Amino acid sequence: MRAALAEAAAASATGDVPIGAVVVDASGAVVGTGHNVRERDADPTGHAEVVALRQAAASRGEWRLTGCTLVVTLEPCTMCAGAAVLSRLDRVVFGAYDDKAGAVGSLWDVVRDRRLNHRPEVVAGVLADESAALLDRFFATQRR
């Protein structure tokens, strides 16, 4: 989660919401990193998770990320939760809950939906206070 927090901090430099993500393989090696790039790239899919998943797939040379874990500072939205399922991740670890758009237990629970063919394990609340504080500081500056 510390690596994901470092990625989140990098997003602030471009005016993006500070959310960071890393994908680690079964040995714990980082195979993908990402932070929000929606503002920088004018890309609605430029979420930290999608960026990290794309990089991990490119690094491994395949779209199936079996054996991998996605670690992200904020609970994934519906798009990112769907991407986690479709990439066949073993697990999703996140920091702060997102009561407004969370799709891994808050508003929806996409990753544990029994109608889907894959359901990654979920570990929630890892360094949640630090993840939330980074977002709180960012949004406080936006309201001035």
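**Cysteines and aromatic pairs**

Modeller: Cys77 has a relative accessible area of 17%, so this residue is buried (under 20% is buried, over 50% exposed and in between partly exposed, with a 1.4 Å probe and protein chains only). This is a predicted model, where local features need pLDDT of at least 70, side-chain atom pairs count only at pLDDT 80 or more, and totals for chains, interfaces and linings use all residues. Residues are numbered from 1 along each chain as its sequence is written, and side-chain values use heavy atoms, with hydrogens and water left out.

Colleague: How many disulfides are found in the whole structure?
Modeller: A disulfide here is a pair of cysteine sulfur atoms within 2.5 Å. A search of the whole structure gives a count of zero.

Colleague: Which cysteine sulfur is nearest to that of Cys77, and how far away is it?
Modeller: Cys77 is in no disulfide. Its nearest cysteine sulfur is that of Cys80, at 3.8 Å.

Colleague: Is Cys68 buried or exposed?
Modeller: Cys68 is in no disulfide either, with the sulfur of Cys80 the nearest at 17 Å. Its relative accessibility is 0%, so Cys68 counts as buried.

Colleague: Why is the pair of Phe94 and Tyr97 classed as it is?
Modeller: Rings of Phe, Tyr and Trp (its six-membered ring) pair if their centres lie within 6.5 Å; planes under 30 degrees apart are stacked, over 60 edge-to-face and the rest tilted. For Phe94 and Tyr97 the centres are 5.1 Å apart and the planes at 90 degrees, so the pair is edge-to-face.
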